[in-house]
Amino acid sequence: MRKFLLILWASPTSVVALLIGLIGLPFGTHVHRKAGTLEFHGGLVEWLLSRTPVDAAAMTLGHVIWGRSQAALDFCREHELVHVRQYERWGPLFLPMYLIFSVTMWFRGKHPYYDNPFEREAFGENNPNDHACHKEP
Ligand SMILES: [Zn+2]
């Protein structure tokens, strides 16, 4: 029951990412279930990720994770699963809060991505991928 409520709380973002992922299926995007999420990679999702400001290898949107490739998903999964837990805490507030933190960091002269508290938690001290997850492995 608790897991269902967490999925429901994060669902506004998950549904949008799911629909875009599904649209990509005829255009080379693949999907599979992993660790309580739906992972999409390749095709349309890869194209979208290649246009992000940080050249993202992967991106979490609720309980949906996009990756440029299966290797990118495998490489970034630990980092992205931290973001899944963050979506479960913040639900539909996650993306606005992420943006507010990024803008705040930028105004303070810090990096809007690396210094964002959500990213700092996801990179963590024990994550062996460190800051490499925003690029193709
Ligand atoms: Zn991240």
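Which are the buried residues of α4? I found F94, Y98, S102 and M105, where buried means under 20% relative accessible area, exposed over 50% and partly exposed in between, with a 1.4 Å probe and protein chains only. Seen down the axis of α4, these buried residues fall within an arc of 70°, so they line one face of the helix; the arc is that of the directions from the helix axis to the C-beta atoms. On the other side of α4, I noted L99 and F107 as exposed.

This is a predicted model, in which local features need pLDDT of at least 70 and side-chain atom pairs count only at pLDDT 80 or more, while totals for chains, interfaces and linings use all residues. Residues are numbered from 1 along each chain as its sequence is written, and side-chain values use heavy atoms, with hydrogens and water left out.

I took helices (H or I, at least four residues) and strands (E, at least two) as DSSP runs, numbered from the N terminus. The cover over the buried residues of α4 includes α3 and α5 (117-123), with contact meaning heavy atoms within 4.5 Å. After α4 comes G109, with a positive phi near 80°.

I then turned to the sheet, which is open and mixed in its pairing, with four strands in the order β1-β2-β4-β3; two strands pair if DSSP finds at least two bridges between them. β1 (30-34) and β3 (58-61) stand at the edges with a single partner strand each, so one side of each is left without a neighbour in the sheet. I also looked up A58, which stands opposite G67 in β4.
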